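Work through the exercises below with the sequence and the coordinates at hand. Each task is followed by a solution in steps.

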Amino acid sequence: MVMLESNPPLAQVYHKISSVKTICERAHVLQSEDECEKFEHLPLIDLKGLTSSDDDERATCALKIVHASSEWGFFQVVNHGISPKLLSQMRREQIELFNASFSRKSTCGLLNNSYRWGTPTATSPDNFSWSEAFHIPLTKISDQACYGEFSSLREVMVEYAAAMQKLAKLLAGVLITNLDQKMEDFEKSICCDESTCFVRLNRYPACPLSQEIYGLVPHTDSDFLTILHQDQVGGLQLMKDSKWVSVKPNKDALIVNIGDLFQAWSNDLYKSVEHKVMANPKVDRFSVAYFLCPSYDSLIKSCKQPSIYRNFTFGEYRNKVQEDSKLIGHKVGLPRFRQ
C-alpha cells in the first residue's frame with residue numbers, strides 16, 4: 001500500500017522566498033532568541049475559586065485573573081471544568097485528521113474548506129510559519145457534511161467547542177466586571193457566541209530547518225481572548241519585559257491570553273502580548289485554540305475616557321490586519337487605531 005505524504009510542501013515554499021544570505025542571517029537571529037529566559041512561572045490560577053461559596057475566595061481568584069491579564073497578558077488555568085477525557089479525545093482525533101494525505105486535507109472541503117498551511121502572504125523567512133491548521137467557525141462544527149470520513153471528530157468537536165465557549169464566557173465576565181461593567185450590558189452590544197467564534201486545530205510538523213524558521217511567526221491575537229490546549233512538546237514563547245520567555249507545558253493546565261480587542265476595550269489595562277511558536281527539529285507539535293470573537297459589525301470602544309483608541313468595528317479591524325499582511329508582510333494591529 002502506498003502511503004501518501006501528509007506534510008504540506010513547506011520546505012519548497014520556504015526556499016523560494018529565501019536566499020543563502022537570508023538563511024544565514026535568520027539562523028543567527030533564531031539561535032539568539034532560542035537562548036531566551038526559561039520562565040516556568042507563568043501565572044497559574046485555580047478556577048475553583050470562581051465557583052466558591054466564599055466571597056473572599058471568589059474575589060481573590062478574580063483578582064488573580066485581572067492581575068495576570070494586566071501584567072502578563074497570559075496565564076494558565078487549572079480546575080477549568082473541561083474533562084481530561086475530552087481533551088485527550090480531541091488530541092487523538094486531531095492527530096488522525098492531520099495524518100491524512102496533503103491532497104486530502106487541501107482539496108476535499110474538510111471542515112468548511114478551512115485548511116491552511118504556511119503563510120500565503122510571506123515574502124521573506126521572517127513572516128513564514130512552518131505549520132498547518134484548520135480554522136473552523138463554530139457555525140460549521142455541527143455540520144456533518146464538513147467531516148467526510150472523519151465522522152468521529154464531529155461529536156468531539158461539538159462537545160469541545162461548547163465547553164470552551166462556557167469557559168471563555170466565564171473568564172470574560174471576570175474581566176468585564178473588573179471594568180465596572182455588567183456582562184449583560186456587554187453582551188447586548190458585543191455578541192460573542194456560536195455564530196462568531198472559532199476553533200483552530202494546529203499542527204507544527206517536525207522541521208529540519210528549525211534553526212532558520214518559526215513554527216508560528218510573532219503576532220498578537222485579534223480577538224477578545226484565546227484559550228489554548230497544547231501538548232507537552234513546548235515551543236510557545238511570549239514577550240515579557242522586552243524579552244522572549246518560554247512557556248513550560250503543564251499537562252493539567254489550559255493557557256489563556258488576552259487579544260487585541262480586550263486591550264482596546266480596557267483602554268490598555270489588559271495587555272495583548274506578542275507571542276510565537278518555535279519550530280522543533282525532531283517531533284510534531286499539536287495544539288487547539290479557541291478564539292472568543294465578536295460579530296464583524298460589533299463596535300469596539302474603550303470603557304474609559306479619554307480613550308487611547310478610536311472606535312472601530314471588528315470587521316474594520318480584520319480588514320486592516322489582512323491589508324497590512326498583504327502589503328507589508330505582517331500585522332500592525334492596534335497602533336493603526338490610536339487616536
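**Exercise 1. Find the partners of strand β8 and describe the pairing.**

Step 1. Strand β8 (residues 236-240) is joined to strand β9 (residues 243-246) by four bridges, and the two run antiparallel. Strands here are DSSP runs of E with at least two residues, helices are runs of H or I with at least four, and both are numbered from the N terminus. Two strands pair if DSSP finds at least two bridges between them.

Step 2. Within this pairing, Gln237 has Ser246 in β9 as its bridge partner. The hairpin of β8 and β9 has two residues between the strands, and Asp241 takes a positive phi near 55° there.

Step 3. Three bridges join β8 to strand β11 (residues 275-278), again with an antiparallel run. Here Leu238 has His275 in β11 as its bridge partner.

Step 4. The strands belong to an open sheet of four, ordered β6-β11-β8-β9, with antiparallel pairing. Because β6 and β9 each have a single partner strand, they stand at the edges, and one side of each is left without a neighbour in the sheet. On average, neighbouring strands of this sheet are turned by 25° against each other, direction ignored.

Before going on, note the basis of the values. The model is predicted, so local features need pLDDT of at least 70 and side-chain atom pairs count only at pLDDT 80 or more, while totals for chains, interfaces and linings use all residues. Residues are numbered from 1 along each chain as its sequence is written, and side-chain values use heavy atoms, with hydrogens and water left out.

**Exercise 2. Classify two aromatic pairs and locate their residues.**

Step 1. The structure holds 15 aromatic pairs. Rings of Phe, Tyr and Trp (its six-membered ring) pair if their centres lie within 6.5 Å; planes under 30 degrees apart count as stacked, over 60 as edge-to-face and the rest as tilted.

Step 2. Tyr14 and Phe128 form a tilted pair, 6.2 Å centre to centre with 45° between the planes. Tyr14 is in helix α1 (residues 10-16) and Phe128 in the loop between β3 (115-117) and β4 (132-137), 114 residues apart. Tyr14 counts as buried because its relative accessibility is 0%, and Phe128 counts as buried at 1%.

Step 3. Tyr296 and Phe314 form an edge-to-face pair, 5.5 Å centre to centre with 70° between the planes. Tyr296 lies in the loop between β12 (285-292) and β13 (299-300), and Phe314 in helix α11 (residues 314-328), 18 residues apart. Tyr296 is partly exposed, with a relative accessible area of 48%, whereas Phe314 counts as buried at 3% relative accessibility.

**Exercise 3. Which rings have a lysine over them?**

Step 1. The charged end of Lys240 sits over the ring of Trp72, 4.9 Å from its centre. The criterion is NZ of Lys or CZ of Arg within 6 Å of the ring centre and within 35 degrees of the ring normal.

Step 2. Lys276 lies over the face of Trp244, at 4.0 Å from the ring centre.

Definitions and conventions: Buried means under 20% relative accessible area, exposed over 50%, partly exposed in between (1.4 Å probe, protein chains only). Axes are lines fitted to C-alpha atoms, for helices over the stretch in contact, and angles run from 0 to 180 degrees between N-to-C directions.
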